Amino acid sequence: MRSSLTLVGTLWAFLSLVTAVASSTSYFLPYWLFGSQLGKPVSFSTFRRCNYPVRGEGHSLIMVEECGRYASFSAIPSLAWQMCTVVTGAGCALLLLVALAAVLGCCMEELISRMMGRCMGAAQFVGGLLISSGCALYPLGWNSPEIMQTCGNVSNQFQLGTCQLGWAYYCAGGGAAAAMLICTWLSCFAGRNPKPVMLVESIMRNTNSYALELDHCLKP
């Protein structure tokens, strides 16, 4: 089984898979922001949360210690986080798609040419740019009431108050940066240039196939 990638292309495929998995996993994990409420630790991502208050007996607030996503898209605390959810999700999907094609290129001949590799690198740059944009939008939602309650009622846009950024936020941003800078550059040398003999054979096959189909159509 022959690969359609060069040695650099194999490294590119591996790094593409690592960056895509890192960014996508971080996107789904609710550990972008850490704070506390009613003496309990609370964490958020863009569309998920761990530990939330509910009304108990006597109208007192109690903390439910479990993780889950918001009931609907409109229930996400702020417009900035809603935009961040869409933009970051699109970027992760694009990185995963390119990574899957790159891994398939390791075991399928003639799948990724030099030009195709460069086009996939451009797609990775766009995917990393979308995730980076989502990370930039995230601090705009820190002034929502739900976040302020968790961050000591002193948080604001780009001001965390008593909260702190979580490891998943840095992981998503790091994966996006690696995809934009390293993977995009490596993709320029990932695909193999098609050999002239292979090009001639491919043209001849297509020509013969077309001639047979034309002859079949012309026969009464």
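## A leucine in helix 2

L96 lies in helix 2. The model is a predicted one. Is L96 buried, partly exposed or exposed? Its relative accessible area is 36%, so L96 counts as partly exposed. The cut-offs explain the label: buried means under 20%, and exposed means over 50%.

L96 also belongs to a group. Together with L17, V21 and V103, L96 forms a nonpolar patch on the surface. The accessible area of these residues together is about 280 Å². Which elements give two or more residues to the patch? They are helix 1 (7-28) and helix 2 (79-105).

## Helix 3 and its neighbours

Helix 3 covers residues 114-137, which makes 24 residues. From its first C-alpha to its last, helix 3 reaches 35 Å. That is close to the 34 Å expected at 1.5 Å a residue.

Several residues of helix 3 are buried. Among them are the glycines G117, G121, G127, G128 and G134. M120, Q124, I131, C135 and L137 are buried as well. What do the buried residues of helix 3 pack against? Their partners are helix 1, helix 2 and helix 5 (167-186).

## The sheet

Now turn to the strands. Strands of a sheet pair through backbone hydrogen bonds, either parallel or antiparallel.

Strand 2 (residues 40-44) and strand 3 form a hairpin, with 3 residues between them. The two strands pair over 2 bridges in the antiparallel sense. Strand 3 and strand 4 pair in the antiparallel sense too, over 7 bridges.

F44 stands opposite R49 in strand 3. R49 in turn stands opposite G68 in strand 4.

## A cysteine in strand 3

C50 is found in strand 3, which spans residues 48-55. Is C50 buried or exposed? Its relative accessibility is 6%, so C50 counts as buried.

Which residues does C50 touch, leaving out those up to four places away in sequence? The contacts are P30, Y31, P41, V42, S43, E66 and C67. Take E66 as one example. C50 and E66 are 16 residues apart in sequence. In space, their C-alpha atoms are 5.5 Å apart.

Key. Residues numbered from 1 in each chain as written. Predicted model: local features only at pLDDT ≥ 70, side-chain atom pairs only at ≥ 80, totals over all residues. Heavy atoms only, no water. Patch = residues over 30% accessible without salt bridge, like charges linked within 9 Å, V, L, I, M, F, W, Y side chains within 5 Å. Areas by Shrake-Rupley, 256 points an atom, 1.4 Å probe, with all protein chains shown as cover. Salt bridge = Lys/Arg side-chain N within 4 Å of Asp/Glu carboxyl O. Helix = DSSP H or I, 4+ residues; strand = E, 2+ residues; numbered from the N terminus. Buried < 20%, exposed > 50% of the residue type's maximum accessible area, 1.4 Å probe, protein only. Expected span 1.5 Å × (residues − 1). Contact = heavy atoms within 4.5 Å. Pairing = 2+ DSSP bridges.
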